[in-house]
Amino acid sequence: MPTAPMELRKALAEEAPALHALLRRSVQALAANHYSAEALAAWAPASIDQQAWAARLAGQSTLVAWRNAAMAGFISYDARGYIDLLYTDPDHARQGVARALLRSAEAALRAQAVEALTTAASRVAMPVFRAQGFAITAEERVRRAGVEIARYRMCKSVGP
């Protein structure tokens with residue numbers, strides 16, 4: 001069965017709460033087999049500082065994927081090529097949303113003459129980045145709300 005067409009567009013400032021809700025649903029559903037319940041709660045808490053979240057998004061380029069009038073995923077990245085956030089709504093997982101968002105961000109960054117893309121990917125996202133040509137440069141552990149969370153530093157050369 002073919003998937004519905006997807007629209008990618010810049011996020012609107014007023015969508016910040018919906019983007020956090022999508023992030024939380026994604027983490028709770030898609031990362032549950034990879035991280036402890038404590039790690040999931042620390043990574044994607046139910047309540048956050050909405051002003052700080054909106055400021056984080058405002059300091060980056062954020063693209064949102066829409067399919068069937070539903071927010072299917074989003075990506076946020078900075079002008080240096082660091083991909084900060086990449087999340088897919090669980091109802092749209094494994095349907096090419098993350099791949100489309102990554103490709104769009106990469107094209108925009110190439111157009112700005114960025115030579116390398118970097119990220120810190122979770123155990124869930126690492127295979128998605130790897131499939132798009134990223135390589136693991138380091139495995140690391142970070143602390144969020146006192147809980148240790150494993151992730152991977154990754155890089156992809158896109159320059160001339």
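This is a predicted model: local features need pLDDT of at least 70, side-chain atom pairs count only at pLDDT 80 or more; totals for chains, interfaces and linings use all residues.
**Close-up views**

**View 1. The backbone oxygen of Gln132 lies 2.6 Å from a polar atom in the side chain of Lys156.** Numbering starts from 1 along each chain as its sequence is written, and side-chain values use heavy atoms, without hydrogens or water.

**View 2. Lys156 sits in strand β7, residues 147–157.** Strands are DSSP runs of E, at least two residues long, and helices are runs of H or I, at least four; both are numbered from the N terminus. Is Lys156 buried or exposed? Lys156 is buried, at 13% relative accessible area. Buried means under 20%, exposed over 50%, and partly exposed in between, using a 1.4 Å probe and protein chains only. Leaving out residues up to four places away in sequence, Lys156 touches Glu106, Glu115, Ala116, Leu117, Gln132, Gly133 and Phe134. Such a contact needs heavy atoms within 4.5 Å.

**View 3. Ala135 belongs to strand β6.** With a relative accessible area of 42%, Ala135 is partly exposed. Which residues does Ala135 contact, apart from its neighbours within four places in sequence? They are Arg153, Met154 and Cys155. Now look from Ala135 to Lys156. The two are 21 residues apart in sequence, but their C-alpha atoms are 6.4 Å apart in space.

**View 4. An open sheet of 7 strands runs in the order β1-β2-β3-β4-β5-β7-β6.** Its pairing is mixed. Two strands pair if DSSP finds at least two bridges between them. Strands β1 (6–10) and β6 (135–144) stand at the edges. Each has a single partner strand, so one side of each is left without a neighbour in the sheet. From one strand to the next, the twist averages 25 degrees.

**View 5. Strand β2 runs antiparallel to β1 and antiparallel to β3.** Strand β2 covers residues 61–67, and β3 covers residues 70–77. How many bridges join β2 to β3? There are 7. Between β1 and β2 there are 5 bridges. Arg9 has Val64 of β2 as its bridge partner. Leu63 is partnered by Ile75 in β3. Arg67 stands opposite Ala70, also in β3. The hairpin of β2 and β3 has 2 residues between its strands, and there Asn68 takes a positive phi near 55 degrees. Strand β2 is mostly covered, with 5 of its 7 residues buried.

**View 6. Helix α3, residues 50–58, lies across β2, β3 and β4.** The helix runs at about 115 degrees to β4 (82–88). Angles run from 0 to 180 degrees between N-to-C directions, along axes fitted to C-alpha atoms, for helices over the stretch in contact. Helix α1, residues 16–30, meets α3 too: their axes come within 10 Å and cross at roughly 95 degrees. Which residues meet there? From α1 come Ala16, Pro17, Leu19, His20 and Leu23. From α3 come Gln50, Trp53, Ala54 and Leu57.

Definitions and conventions
A polar contact is a pair of N or O atoms within 3.5 Å; within protein, one must be able to donate a hydrogen and the other to accept it, and residues adjacent in sequence count only if both atoms are side-chain atoms.
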